[in-house]
Amino acid sequence: MFEYLNGIVTSVSPQTIVIDVNGVGYLVYVANPYHFERADQAPQKIYVHQNVTDSSQTLYGFATAEDKQLFEQLLNVSGIGAKSALAIMAGNDNQGLITAIQTEDVQFLTKFPGIGKKTARQIILDLQDKLQTQTVAQPTMEQTTPVTENAQLTDALSALQALGFKEKDVVKVGQQLQTTDENLTTDQYLSQGLKLLTK
């Protein structure tokens, strides 16, 4: 099993990144692909979870070992698959997630795609005790140079749809984000969009 990959991210799409490690490109599914986009092409360490089935081998990537651990704990919850777990973690607000689990905030958890009240209660039941002493490090946001504001926003909205949010909700959030005068990166648009969708 892989623990992490250390290489250069050569491609970013709404659901995945490709990381080149000594000439081999690994396709990795990540919660927020644009977090790994860098203008300087510097090597990055990406922690990975490998999922092997009869028909496929899939890698899921994370900025920190703590994020990987939280993802694996979410996968152990009945009714949570990899796509739902990634959507839950996409906001880079893992401390908020942990607080919601510890305070039994079902409403917060049901804001995520594919999470109903039953699954939210199951998350709380399974993880409440396991997360009490865990401290989750917040990944440092890498600043990227936007090509144009619209291109960054379009990429962010595509990523939100790839996470499973409804198109009409994403369009509404896109309209709200378009009114901002700030020149944001895709990563920042995605984080703000997630906050609007889950509040």
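Mentor: Let's start with a word we'll need: contact means heavy atoms within 4.5 Å. This is a predicted model, where local features need pLDDT of at least 70 and side-chain atom pairs count only at pLDDT 80 or more, while totals for chains, interfaces and linings use all residues. Residues are numbered from 1 along each chain as its sequence is written, and side-chain values use heavy atoms, leaving out hydrogens and water.

Trainee: Leaving aside neighbours within four places in sequence, what is Leu-160 in contact with?

Mentor: Phe-165, Val-170, Leu-190, Gly-193, Leu-194 and Leu-197.

Trainee: How many residues are in the largest nonpolar core?

Mentor: In soluble globular proteins, nonpolar side chains tend to be buried together. A nonpolar core is a set of buried Ala, Val, Leu, Ile, Met, Phe, Trp, Tyr and Cys residues joined through side-chain atoms within 4.5 Å. Buried means under 20% relative accessible area, exposed over 50%, partly exposed in between (1.4 Å probe, protein chains only). Here the largest core has 43 residues, and Leu-160 is among those with the most contacts inside it, along with Phe-71, Leu-74, Ile-80, Ile-88 and Ile-123. Helix α2 (residues 82-89) gives the most to this core, six residues. Helices are DSSP runs (H or I, at least four residues), numbered from the N terminus.

Trainee: Is Thr-186 buried or exposed?

Mentor: Buried, with a relative accessible area of 0%. Thr-186 sits in helix α8 (residues 186-198).

Trainee: Where does pLDDT stay under 50?

Mentor: pLDDT is the predictor's confidence in each residue, from 0 to 100. The chain's mean is 84, but pLDDT stays under 50 over residues 132-149.

How values were computed
Helix = DSSP H or I, 4+ residues; strand = E, 2+ residues; numbered from the N terminus.
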